[in-house]
Amino acid sequence: MFGIKVNNFGISFGNMEILKEVSFSVQEGEIVTILGPSGSGKSTILRAIASLQEKFEGEILLNETCQISGNQKCNKDIGYIFQDYALFPHLDVKENIGFALFNLNAIEKQRRVDELLKQFDLVEHRNKQIHELSGGQQQRVSIARTIAYNPKILLLDEPFSNLDSLLRDKTKLWLKDIIKKLGLSAILVTHDKKEALSISDKIGILQNKTLVQFGTPQELFSQPANLYIAKFLGDINILPQSIVQHFGITLQEEQSAIIRLNKTFVTYHPTAIKLHIKQVSYCGDYYELVLNFSEHNTFFIKANVSSDFNFSDNSTIYLDICASDILVVNT
Ligand code: ADP
Ligand code: MG
């Protein structure tokens, strides 16, 4: 049984087409991330799922029971966590968390709020005003307020963007744990590939107004549908024709051969591909090299080198890569 199904979703504002033919589904209990740059339509997709967006093409199905289309709404069972948290500034922490618990009596409501304060590590902040909290604490209040009414589906709009990087990593794991423990189906949108790769069961990538690839992080990383996705998800080298030929790979027009930076090594130990160093730049984790394959055949590559390497010793170097690590992708 699926949690959410989006079929051929499309939307325009005025005569500006924003998204077309976007289709994906979220199984029950899955975390799906939609990854795309700013302005690509990520928040618009979430708004449509939450029935906050009118006039779109296609259909959205929730838990097989509720269908949202251009004019039909459905927001039962949905928890929406906004990028800016959207907390009520005139209410304190406990009042914010209890805000949507209309159908509980006073005792039940207090019990539920106490439970959430404990679960979200907010007990000591229960009487504080929102402006007295750090960004991370505000975010916990925002998530607690949403979880309070037991939604089945969680929509998260760039939930980590206002946190510093240390807190972001910690919060990511914590949130993933909560979503899994509660068995929620979640859609998260972000422009941050690291976030997407580490938190998601599946990822969808927006490019040119549509979802160009949808799959597990491992599938997207090892079999990117095109050069844009390969570059978007990790550091890569595009190999020049001279190197590609060496491995017996023939490229069609509009194809590129790529290799991930973490699979690209240069060494002093002779291998089949002998090169001459023209230029070296140290970049911390790796080196940027301008290399000569032959006199008139220069290319640029990012590579890992062993720690005993000394570029000043010699201008001859060997490229150490495996044919099985080379991916051929459409450009
Ligand atoms: P993202 O969340 O990926 O940054 P959005 O979904 O917020 O992108 O917006 C996608 C595009 O649609 C942007 O160009 C934005 O300006 C436009 N847009 C979003 N909502 C509206 C609206 N209600 N009216 C007109 N344009 C809109
Ligand atoms: Mg947005």
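Trainee: How many salt bridges does the structure hold?
Mentor: First, some ground rules: this is a predicted model, where local features need pLDDT of at least 70, side-chain atom pairs count only at pLDDT 80 or more, and totals for chains, interfaces and linings use all residues, while side-chain values use heavy atoms, leaving out hydrogens and water. Residues are numbered from 1 along each chain as its sequence is written, and chains are lettered from A and ligands numbered from 1 in the order in which they are written. A salt bridge here is a side-chain nitrogen of Lys or Arg within 4 Å of a carboxyl oxygen of Asp or Glu. By that rule, the number of salt bridges in the structure is 11.

Trainee: Which residue forms a salt bridge with Lys42?
Mentor: Lys42 sits in helix α1 (residues 42–49), and its partner is 116 residues apart from it, in the loop between β7 (153–157) and α5 (165–182). Helices (H or I, at least four residues) and strands (E, at least two) are DSSP runs, numbered from the N terminus. The closest N and O atoms are 3.7 Å apart, and the partner of Lys42 is Glu158.

Trainee: Are Lys42 and Glu158 buried or exposed?
Mentor: Buried means under 20% relative accessible area, exposed over 50%, and partly exposed in between (1.4 Å probe, protein chains only). On that scale, both Lys42 and Glu158 are buried.

Trainee: Where do Glu115 and Arg112 sit?
Mentor: These two form a salt bridge, with the closest N and O atoms 2.4 Å apart. Glu115 is partly exposed at 43% relative accessible area, whereas Arg112 is buried at 14%. Because they are three residues apart, about one helical turn separates them, and the place that holds both is helix α3 (residues 106–119).

Trainee: Which residue's backbone oxygen lies 3.1 Å from a polar atom of the Arg112 side chain?
Mentor: The Arg112 side chain also has a polar contact of 2.4 Å with that of Glu115 (a pair of N or O atoms within 3.5 Å; within protein, one must be able to donate a hydrogen and the other to accept it, and residues adjacent in sequence count only if both atoms are side-chain atoms). Leaving aside neighbours within four places in sequence, Arg112 is in contact (heavy atoms within 4.5 Å) with residues including Leu101, Leu104 and Asn150. The backbone oxygen you asked about belongs to Ile147.

Trainee: How many disulfides does a search of the whole structure find?
Mentor: The test is a pair of cysteine sulfur atoms within 2.5 Å. Cys283 is partly exposed at 27%, as is Cys322 at 43%. The disulfide count for the whole structure is zero.

Trainee: What is the bridge partner of Ile238 in β12?
Mentor: β11 and β12 (residues 255–260) pair in the antiparallel sense over three bridges. In β12, the partner of Ile238 is Ile258.

Terms used:
Two strands pair if DSSP finds at least two bridges between them.
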